[in-house]
Amino acid sequence: MESNKNSHRHFLIFKPYGVLSQFKSNSSKQQSKTFLGEFYDFPDGTMAVGRLDEASEGLLLLTTDGKSSALVNSQKVEKEYYAQVDGTISEVAIEQLKMGVEISIEGNKYLTKPCEVHRLIETPDLPARAKKIRDERHGPTTWVSIILTEGKFRQVRKMTSAVGFPTLRLVRVRIGKFKIGNMKAGGVVEVNHLTEKL
């Protein structure tokens with residue numbers, strides 16, 4: 001059971017493209033950026049669980065409970081991403097991603113853990129991105145689903161680049177049993193019994 005479940009609050013947000021996964025920044029360069037607090041009146045003490053980089057979109061979990069945050073960031077909870085990659089991805093590349101590829105984390109070589117990867121037959125129904133992706137006249141693209149239990153910095157982007165298919169658009173569509181569903185970009189939903197649904 002969740003400790004102090006009546007005193008803690010939990011939220012899902014569809015983080016749009018170009019938004020920082022934080023509530024404020026001391027960096028003068030980031031003062032003109034858009035932060036999470038602009039989408040909802042979150043209670044004091046709310047923290048983002050894990051992050052999506054500024055160019056990435058999709059499901060982000062926010063909570064006032066540090067224990068829940070630790071669980072979501074552990075390698076017990078799956079995170080599913082839809083990545084639109086440059087080019088028609090090959091089966092060889094998909095198999096490489098499944099097995100694990102070498103990427104760089106803070107200048108050190110890192111071998112990603114085996115994961116689930118498959119090509120999406122149809123283009124996923126997602127909200128339009130604030131900044132358009134280049135169109136098909138510049139060559140084909142492919143959508144793939146990648147399911148991870150780890151979350152290194154910019155991991156999915158580094159993985160697809162490592163096999164020769166850079167990511168053009170990245171959307172996290174699931175955390176545990178929570179799915180993006182028909183949420184709109186910038187939409188916020190409050191959830192109960194968080195850990196029971198992970």
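Three residues of helix α1 (residues 66-73) are buried: Ser68, Ser69 and Val72. Buried here means under 20% relative accessible area, whereas exposed means over 50% and partly exposed lies in between (1.4 Å probe, protein chains only). The three cover an arc of only 100 degrees around the axis, so they sit on the same side of α1. The arc is that of the directions from the helix axis to the C-beta atoms. An α-helix has 3.6 residues a turn, so residues three or four places apart point the same way. Helices (H or I, at least four residues) and strands (E, at least two) are DSSP runs, numbered from the N terminus.

The model is predicted: local features need pLDDT of at least 70, side-chain atom pairs count only at pLDDT 80 or more, and totals for chains, interfaces and linings use all residues. Residues are numbered from 1 along each chain as its sequence is written, and side-chain values use heavy atoms, with hydrogens and water left out.

Contact means heavy atoms within 4.5 Å. Asp65 caps the N-terminal end of α1. One of its side-chain oxygens lies 3.2 Å from the backbone nitrogen of Lys67.

Helix α2 (residues 91-99) contains Ile94. Ile94 is buried, with a relative accessible area of 3%. Neighbours within four places in sequence aside, Ile94 is in contact with Ile89, Val117 and Arg119. The C-alpha atoms of Ile94 and Glu116 are separated by 9.3 Å, although the two residues are 22 apart along the chain.

Thr142 belongs to strand β8 (residues 141-148). Its relative accessible area is 6%, so Thr142 is buried. A polar atom of the Thr142 side chain lies 3.1 Å from the backbone nitrogen of Ile89. Beyond four places in sequence, Thr142 touches residues including Ala83, Val85, Ile89 and Arg119.

Overall, the protein chain has three helices and 11 strands. From the N terminus on, its elements run β-β-β-α-β-α-β-β-β-β-α-β-β-β. The radius of gyration is 17 Å, close to the 16 Å that the globule rule gives for 198 residues, so the chain is as compact as a globular protein of that length. This radius is taken over C-alpha atoms, and the rule is 2.2 Å times the number of residues to the power 0.38. Buried residues make up 45% of the 198 residues. Among contacts between residues at least 6 apart in sequence, 71% join residues at least 24 apart.

Technical notes: Polar contact = N/O pair within 3.5 Å; in protein donor to acceptor, adjacent residues only side chain to side chain.
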